[in-house]
Amino acid sequence: MTSRPGPAPAALSLAERKRRLVSDELSEAALQLLASKGFDAVTVDEIVAAAGVSKRTFFRYFASKEDVVVRFLADMGTGIHAELAARPAGEPPSSALRHAVWVPVEACAGHSERALRVVQLILRTPALLARFLERQAEWREDLATELGRRHGLAPETDLYPRMAAGMALTAFDAVLRRWSDSEGAEDPAALLERAFAVIAPALDAVAT
């Protein structure tokens with residue numbers, strides 16, 4: 001199939017940018033309310049009022065309040081995987097994974113007050129924590145596949161890719177929890193460096 005001539009690609013790009021803008025505004029309004037008032041205390045009506053859109057518009061983008069948080073978590077996982085895939089081929093696994101995990105941690109650190117409340121919301125709300133753990137299981141498989149590709153190992157038969165992915169995500173989880181428990185007082189970058197210093201020897205012992 002050939003592409004259509006004329007301005008169609010630009011028009012599609014503009015439409016997608018508009019959709020993304022609305023989605024981001026809804027996400028921001030929802031996450032701010034959920035983080036400040038608590039997951040159970042916030043209604044969809046409050047979210048749409050804060051975002052200045054209709055309830056119909058909200059449900060065009062999200063199936064529920066929980067779906068807003070799930071989308072936030074999905075973006076985290078996408079960032080980790082994309083960064084790992086972009087790292088130099090000869091880079092030690094510990095360095096590549098540390099840079100990959102740093103992507104969402106840096107995003108949190110860059111918007112510390114807002115991000116801290118969102119992270120605390122997820123970690124302290126059982127239903128959202130369960131979804132977070134589900135997402136981490138999915139991320140582990142994606143990272144294992146990428147690690148297998150980078151090192152010529154099959155995740156189905158070799159232990160290393162899934163173990164390495166699991167260790168990196170355990171470090172990520174530990175950093176978020178420590179940062180959350182400290183009410184943002186601890187430096188996420190320093191926490192991540194300390195966490196990876198512990199697991200780096202195992203990550204870099206790639207059996208080929």
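## Aromatic rings

F58, F59 and F62 are joined into a cluster by ring pairs. This is a predicted model, in which local features need pLDDT of at least 70 and side-chain atom pairs count only at pLDDT 80 or more, while totals for chains, interfaces and linings use all residues. Residues are numbered from 1 along each chain as its sequence is written, and side-chain values use heavy atoms, with hydrogens and water left out.

A pair of aromatic rings is described by the distance of the centres and the angle of the planes. Rings of Phe, Tyr and Trp (its six-membered ring) pair if their centres lie within 6.5 Å; planes under 30 degrees apart count as stacked, over 60 as edge-to-face and the rest as tilted. The structure holds five such pairs. One of them, F58 with F62, is tilted, at 5.6 Å centre to centre and 40° between the planes. Both F58 and F62 are buried (under 20% relative accessible area with a 1.4 Å probe, protein chains only; exposed is over 50%, and partly exposed lies in between).

F132 and F172 have ring centres 6.5 Å apart and planes at 70°, so this pair is edge-to-face. The pair links distant parts of the chain, with F132 in helix 7 (residues 126–151) and F172 in helix 8, 40 residues apart. F132 and F172 are both buried.

## Helix 7

Helices are DSSP runs (H or I, at least four residues), numbered from the N terminus. Helix 7 has 26 residues and reaches 37 Å from its first C-alpha to its last, close to the 38 Å expected at 1.5 Å a residue; the expected span is 1.5 Å times one less than the number of residues. Buried residues in helix 7 include L128, L129, F132, Q136 and W139. After helix 7 comes G152, with a positive phi near 65°.

## The cavity

A cavity is a set of points on a 1 Å grid over the protein atoms alone where a 1.4 Å probe fits but cannot get out; lining residues have an atom within 4 Å of a point. The largest cavity has a volume of about 40 Å³, taken as the space filled by probe spheres set on the points. Its lining consists of L73, M76, V119, I122, L123, F132 and L176. Helix 6 (112–124) gives the largest share of this lining, three residues.

## The loop at S182

S182 is in the loop between helix 8 (160–181) and helix 9 (188–203). S182 counts as buried because its relative accessibility is 19%. A polar atom of the S182 side chain lies 3.1 Å from the backbone nitrogen of E186.

Definitions and conventions. Helices (H or I, at least four residues) and strands (E, at least two) are DSSP runs, numbered from the N terminus. A polar contact is a pair of N or O atoms within 3.5 Å; within protein, one must be able to donate a hydrogen and the other to accept it, and residues adjacent in sequence count only if both atoms are side-chain atoms. On a 1 Å grid over the protein atoms alone, a cavity is a set of points where a 1.4 Å probe fits but cannot get out, and a pocket is an open set with protein on both sides within 12 Å along at least five of seven lines; lining residues have an atom within 4 Å of a point.
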